[in-house]
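Biologist: Before we discuss the ligand site and the helix packing, could you put the model up so that we are both looking at it?

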Amino acid sequence: MAKQNIYDDEEFFSDFRKNRDDSLNFNDCIETPILLSMLPPVQGKKVLDIGCGMGQHAKQYADMGAESVLGIDISEKMIAYAKEHNGADNIRYLRLAMEDIKTVQERFDLITSSLVFDYIEDFGGLMKQIHGLLEDGGKFVFSMSHPMTTAWDGVYDRFTRTETGERLYANIRNYFVEGPRKVNWVVDGYECYHRTMSSLINALISAGFVIEECRESQISDEMRLRYPQKFGGTIHRPDFVFFRCGTGSL
Ligand SMILES: C[S@@+](CC[C@H](N)C(=O)[O-])C[C@H]1O[C@@H](n2cnc3c(N)ncnc32)[C@H](O)[C@@H]1O
C-alpha cells in the first residue's frame, strides 16, 4: 500500500471531524489523557508531532510551555484546519508525509505521535529515522491502534454478542498475518497496517530506543458503565497501545 491520504477525502474528513467533535470520542476520552500522562516535562522543549491532524495535541504542547512545536501531516485539509483553529506563535504546521521525514533538518527534545503509525508500511525504518531526529536524552511518546484491534478484517463484527447485543468477547482474526488490512471504517476500503506486539517492540529496540513505559488503553469503569454502547467493548480488549521511549544515550 502506497502513502494513503484518505483524510483529504471530502466524506472521510467530514465524518472524522464529526467524530472528533462528539464529546464522547475515543481520542478525548481515552487516547489523549493516557498520552499526556506519559509525557516528560514539556516546558522549554522543542517538540515534533507526527501526523498532527487538526492540531489539538500541538496546541496542548504549546500551552504546556513548549519552546516550539512542529506539526507535520500528509493531509492538506488537516493542516489547513490546524493553522486556522490551533495556531500559536511558536507552532509551525507543515504538510509532510512521515515517509519523507528525512527532509526535516532539525533535532527535537520530544517527538510525539497520536494514532498515525497505523498507516506506515515500513514501521522499523520510520522508527530509525525518528531516533535520528532526537537530541541525546530526548523522548519519543506515541500511541497507535493496538495489535488486538488491527487483527480484524472487517467482514464480521468486532465482538461476539448476546441476543440482546451485549458484547461477550472480542473477535480476533489472523493475528500473526502482518500487513495491510482493508476494512470499513468511516468509508469503504480504509486501509491500515496490522503488526504483532512483538514486531512493534523489536522495531523500537532495533532503532536504538530504550522502552521506558508501555500502556494499553482502558477507560474507567464509571465511563464504561455509563456509556455501554460507546465504551462497552473496552473491557474486552485495548483499542490503543502507547510507548514512551528514550534515545538510549545521555
Ligand atoms: C487518526 S488521525 C490522528 C490525528 C491527530 N494525531 C490526533 O490525535 O487527533 C491520523 C492522522 O494521520 C495523518 N496521516 C496519515 N497518513 C500519514 C502519513 N503518511 N504521513 C503523515 N501523516 C499521515 C492523517 O492525515 C491524520 O491527520
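Biologist: How many nonpolar, polar and charged residues does the shell around the ligand have?

Modeller: This is a predicted model, and that applies to every value I give here. The ligand is surrounded by 21 residues, the closest being Arg 20, Gly 51, Asp 73, Met 98 and Glu 99. Sorted by class, the residues of this shell are 11 nonpolar, seven polar and three charged.

Biologist: Which helices each supply at least two residues of the shell around the ligand?

Modeller: The shell can also be read by element, taking the helices as they are numbered from the N terminus. The helices that each supply at least two of its residues are H1 (10-21) and H3.

Biologist: How far is an oxygen atom of the ligand from an N or O atom in the side chain of Asp 73?

Modeller: Polar contacts are pairs of N or O atoms within 3.5 Å. On the backbone side, a polar atom of Ile 74 lies 3.3 Å from a nitrogen atom of the ligand, and a backbone N or O atom of Ser 114 is 3.0 Å from a nitrogen atom of the ligand. For the side chain of Asp 73 and a ligand oxygen atom, the distance is 2.6 Å.

Biologist: What percentage of the accessible area that the ligand has on its own does the protein cover?

Modeller: On its own, the ligand has 590 Å² of accessible area. Of that area, the protein covers 98%.

Biologist: At roughly what angle do the axes of H2 and H3 cross?

Modeller: Glu 31, Thr 32, Leu 35 and Leu 36 of H2 meet His 57, Gln 60 and Tyr 61 of H3, and these residues divide into three nonpolar, three polar and one charged. The crossing is right-handed. The two axes come within 12 Å, and their crossing angle is roughly 35°.

Biologist: Within what distance do the axes of H5 and H7 come?

Modeller: Phe 123, Gly 124, Met 127 and Lys 128 in H5 are in contact with Leu 200, Ala 203, Leu 204 and Ser 206 in H7. H5 passes H7 in a right-handed crossing. Their axes cross at roughly 35° and come within 8 Å.

Technical notes:
Residues numbered from 1 in each chain as written. Predicted model: local features only at pLDDT ≥ 70, side-chain atom pairs only at ≥ 80, totals over all residues. Heavy atoms only, no water. Axes fitted to C-alpha atoms, helices over the stretch in contact; angles between N-to-C directions. Helix = DSSP H or I, 4+ residues; strand = E, 2+ residues; numbered from the N terminus. Left-handed = near helix turned anticlockwise from the far one by under 90°. Contact = heavy atoms within 4.5 Å. Nonpolar A, V, L, I, M, F, W, Y, C, P; charged D, E, K, R; others polar. Near = heavy atom within 4 Å. Polar contact = N/O pair within 3.5 Å; in protein donor to acceptor, adjacent residues only side chain to side chain. Areas by Shrake-Rupley, 256 points an atom, 1.4 Å probe, with all protein chains shown as cover.
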